Amino acid sequence: MSALKEKILLLLMGGLAFGCSYTPQNQWKVIKTVSNEWKNINKKELHAEIHRLYRSKLVKKITNPDGTFTFVLTDKGKLRALTYNFENMKIERKDWDGKWRFVVFDVPEKFRIGRDALRGKIKKLGFYELQKSVFIFPYKCQDEIEFIIEFFDIRKYVRYGTIDLIDNADHLKTIFGLK
C-alpha cells in the first residue's frame, strides 16, 4: 500500500477516533493531528489516490443532495486503517495516579476477531493478565480501549473500569515498576 493511501485511510479514521474520544483534550489532539497531516497532502495526488481507493473497495462514495461527494471508509477500509493504527497505538505512561484500570470481557466465539484483537493489543500495550479475560493496567487508557471495542462492535461484552484498591497491589506495582 502506498504511503499516501495509508495516510488517507488514517485521516479518514481520524473521524472515528474523534467520535471515540470522550474528553475535549483528546478530541483536540485528533483535530490537530488530522489538520496538520491534511495540509501536507498534494491535492492532485490525493484526488487520484481517492479514486484508486474507491476502486479497491476501501472507501465508498456518497453523493450529497447539494451535488458534493462524501467518501467514507467501508468495513474493509476500517479494518485496513485500524491495522495501521494498531501498529502506532501507544499509551502514555505519565505519573501514576494510584488507580488501576481493568478490562474484563466475555466475547462470544462469533466475534472472535474482535476478541482476539482486543486481547492481543492490550497485551502488547502492557496490560497484565490477572486471569483469563481480566487485564489490569496502571495508566489512563480509556480512549484506546473504547476505540478498539467500538470498532469491533463488542461493547456489550467488554467492561472497563477504574479501581483504587486491589488486594495484590504490591505484586502489581512490582510488575509495572511502580515501587
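Trainee: Of the 179 residues of the protein, what percentage count as buried?

Mentor: The share that counts as buried is 36% of the 179 residues. Buried means under 20% relative accessible area, exposed means over 50%, and partly exposed lies in between, with a 1.4 Å probe and protein chains only. Please keep in mind that this is a predicted model, in which local features need pLDDT of at least 70 and side-chain atom pairs count only at pLDDT 80 or more, while totals for chains, interfaces and linings use all residues. Residues are numbered from 1 along each chain as its sequence is written, and side-chain values use heavy atoms, with hydrogens and water left out.

Trainee: How many helices and strands does the protein have, and what makes a run of residues count as one?

Mentor: There are seven helices and six strands. Helices (H or I, at least four residues) and strands (E, at least two) are DSSP runs, numbered from the N terminus. Along the sequence the pattern is α-α-α-β-β-α-β-α-β-β-α-β-α.

Trainee: How do you know that the span of H5 agrees with that of a helix of 13 residues?

Mentor: The expected span is 1.5 Å times one less than the number of residues. For the 13 residues of H5 this should give 18 Å, and the end C-alpha atoms are 18 Å apart, so the two values agree. The buried residues of H5 are Gly114, Arg115, Ala117, Leu118, Arg119, Lys121 and Ile122. Just after H5, glycine 126 has a positive phi of about 110 degrees.

Trainee: What makes a group of residues a nonpolar core, and how many residues has the largest one here?

Mentor: A nonpolar core is a set of buried Ala, Val, Leu, Ile, Met, Phe, Trp, Tyr and Cys residues joined through side-chain atoms within 4.5 Å. The largest one has 28 residues, and those with the most contacts inside it include Val103, Phe105, Leu118 and Ile154. Two or more residues come from each of strand E3 (100-105), helix H5 (112-124), strand E5 (134-137), helix H6 (142-151) and helix H7 (169-175). H6 gives the largest share, four residues.

Trainee: Which residues are in contact with isoleucine 154, leaving aside its neighbours within four places in sequence?

Mentor: They are Val107, Phe111, Gly114, Arg115, Leu118 and Ile149. Contact means heavy atoms within 4.5 Å.

Trainee: Why is the pair of phenylalanine 105 and phenylalanine 135 called stacked?

Mentor: Rings of Phe, Tyr and Trp (its six-membered ring) pair if their centres lie within 6.5 Å; planes under 30 degrees apart count as stacked, over 60 as edge-to-face and the rest as tilted. The centres of these two rings are 6.0 Å apart and the planes are at 5 degrees, so the pair is stacked. Phenylalanine 105 lies in E3 and phenylalanine 135 in E5, so the pair ties together parts that are 30 residues apart in sequence. Both phenylalanine 105 and phenylalanine 135 are buried.

Trainee: What are the distance and angle for the pair of phenylalanine 127 and phenylalanine 137?

Mentor: The distance is 4.6 Å centre to centre, with 20 degrees between the planes, and this pair is stacked. A search of the whole structure finds seven aromatic pairs.

Trainee: Why do phenylalanine 127 and phenylalanine 137 count as buried?

Mentor: Phenylalanine 127 has a relative accessible area of 6%, so it is buried. Phenylalanine 137, at 0%, counts as buried too. Phenylalanine 127 and phenylalanine 137 also belong to one aromatic cluster with Trp96, Trp100, Tyr139 and Phe176.

Trainee: How do you know that E3 and E5 pair, and in which sense do they run?

Mentor: Two strands pair if DSSP finds at least two bridges between them. Four bridges join E3 to E5, which run antiparallel. Valine 104 stands opposite valine 134 in E5. Three bridges join E4 to E5, again antiparallel, and tyrosine 128 stands opposite isoleucine 136 in E5.

Trainee: Which way do the side chains of E5 point?

Mentor: Val134 and Ile136 point one way, Phe135 and Phe137 the other way, and all are buried. In a regular strand the side chains alternate between the two faces of the sheet.
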